[in-house]
There are 2 protein chains.
Amino acid sequence: MTVSLRERRRQQTARDIQIATLELAAEKGLETITTEEIAAAAGVSTRTFFNYFTNKETAAIGAPPAFKEEDLQALREGTGSLAADIKIFLDKHIEVLAGDEPILKLIGSVLRSNEKARGILEGFLAMGRIELRDCLNTRVGNPYAAAALASSIMDTIGRAIYLWEHEDGLSLVAALDVIWEGTIRASQLLAAPSE
Amino acid sequence: MTVSLRERRRQQTARDIQIATLELAAEKGLETITTEEIAAAAGVSTRTFFNYFTNKETAAIGAPPAFKEEDLQALREGTGSLAADIKIFLDKHIEVLAGDEPILKLIGSVLRSNEKARGILEGFLAMGRIELRDCLNTRVGNPYAAAALASSIMDTIGRAIYLWEHEDGLSLVAALDVIWEGTIRASQLLAAPSE
DNA sequence: GCAAACATTGCACACTATGCAAAGAGGCAA
DNA sequence: TTGCCTCTTTGCATAGTGTGCAATGTTTGC
């Protein structure tokens with residue numbers, strides 16, 4: 001687990017730049033601030049900023065946490081009802097996200113006002129959907145249903161974060177419970193022969 | 001239904017620019033072409049290009065067709081099963097999309113390689129989701145379930161287009177049927193107490 | 001026809017993003 | 001510790017993006 005000084009510095013600089021970006025963006029909006037300002041706030045040159053990130057938006061978003069391999073495996077091999085196993089998976093992942101709440105909130109506000117940032121996030125989400133779809137497909141044996149489930153799950157996460165951001169006093173975990181209930185209800189409505 | 005000469009010219013110029021953008025992008029990639037090239041191909045000045053669109057990506061995507069008010073109303077007031085009424089809604093909308101198949105295919109390839117374009121499309125899709133959610137909420141009386149359904153529907157459209165783009169010989173309508181079946185199957189799996 | 005409204009264009013300018021080369025700092029072996 | 005190699009930072013040059021402004025044309029309605 002030895003990490004070289006160089007590596008540690010790189011991580012630190014990347015994080016410094018992300019924090020500087022998010023703080024300045026929260027204050028003045030990502031659109032109005034310049035890469036020069038961000039670099040100055042992070043204590044590096046403009047050129048160095050671009051050595052770390054290709055643009056402001058990427059700097060603001062950073063690298064979202066990936067799904068844990070063990071959680072994916074549990075979902076693949078789970079023996080409970082599919083809904084129950086997915087809920088467990090979601091709880092695990094939301095726990096990871098909850099570890100970075102302040103940054104998550106800042107990123108949320110950037111996403112609401114910046115098209116390019118949304119596109120970059122969409123790229124990450126698309127990767128997550130593919131990972132989930134493949135995982136679920138081994139369980140349900142139907143690629144189209146697996147893709148639909150994967151989308152539902154990613155969407156549930158997204159809406160849970162959104163609810164948490166906008167509802168004071170609601171924890172991320174609690175927000176997920178609320179949104180999840182809606183997801184299940186929607187499934188029942190769609191699956192019902194008539195209602 | 002009188003449209004002034006000015007208005008017609010504006011529409012025409014906007015379309016000229018979009019077509020020029022998509023054709024050049026198909027040939028060389030949206031990243032590598034410049035706004036100057038696009039403007040020249042569309043027969044306007046660079047400055048005029050920016051009077052119509054704020055960037056290349058917006059020019060490529062143009063304005064996706066909105067849901068028809070009558071279709072939304074039919075969905076709101078439908079008396080069949082929810083799934084059946086949603087399928088009718090989807091069929092109607094896919095029919096509109098099928099009217100612009102060549103452009104749809106070009107846009108698809110742009111979206112696959114361009115982050116900013118994806119973000120812009122996401123913005124449009126988010127608007128569609130809100131419209132659908134509100135519509136469905138009046139029918140099912142549960143905002144969270146309505147939001148989940150709206151996401152499912154938008155996602156179904158997106159995946160149907162994707163399948164159609166990648167599967168030769170499959171019509172848009174047929175692709176929608178395949179994807180829709182997967183969506184329904186996913187709902188049954190999620191709604192089932194155990195499977 | 002004339003004036004107001006709108007469209008097009010050129011020009012200037014701030015900002016974004018990349019390539020290249022020089023200088024600085026860390027890693028590693030003798 | 002020294003010296004060499006590698007990686008990092010930086011400045012500079014340059015192509016491209018996007019906006020404000022003002023001049024010049026076009027369309028519209030009166």
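How many salt bridges does the rule find across the interface of chain A and chain B? It finds 0. The model is a predicted one, and the rest of this text goes through how its two chains meet.

Begin with the arrangement of the copies. Two copies of a chain are related by a rotation about an axis and a shift along it. Here, chain A is superposed on chain B by a rotation of 180° with a shift of 0.0 Å along the axis, and the RMSD is 0.2 Å. This is the relation of a two-fold axis. Both copies use the same surface, since 100% of the contact residues of chain A recur in chain B. To find the axis in the structure, look for A:Gly119: among the residues of chain A, its C-alpha comes closest to the rotation axis, at 1.7 Å.

Next, the interface itself. In chain A, 39 residues are in contact with 39 residues of chain B. Between the two chains an area of about 3100 Å² is buried, and carbon and sulfur atoms give 69% of that area. Polar contact is found for 2 residue pairs across the interface of chain A and chain B.

Which elements of chain A give two or more residues to the side that touches chain B? They are helix 6 (82-98), helix 8 (115-140), helix 9 (143-166) and helix 10 (172-191). Helix 10 of chain A provides the largest share, 13 residues. By residue type, the side of chain A that touches chain B divides into 21 nonpolar, 11 polar and 7 charged residues.

Methods: Residues numbered from 1 in each chain as written. Chains lettered and ligands numbered in written order. Predicted model: local features only at pLDDT ≥ 70, side-chain atom pairs only at ≥ 80, totals over all residues. Heavy atoms only, no water. Least-squares fit on C-alpha atoms with pLDDT ≥ 70 in both. Contact = heavy atoms within 4.5 Å. Buried area = accessible area lost by both parts, 1.4 Å probe. Salt bridge = Lys/Arg side-chain N within 4 Å of Asp/Glu carboxyl O. Polar contact = N/O pair within 3.5 Å; in protein donor to acceptor, adjacent residues only side chain to side chain. Helix = DSSP H or I, 4+ residues; strand = E, 2+ residues; numbered from the N terminus. Nonpolar A, V, L, I, M, F, W, Y, C, P; charged D, E, K, R; others polar.
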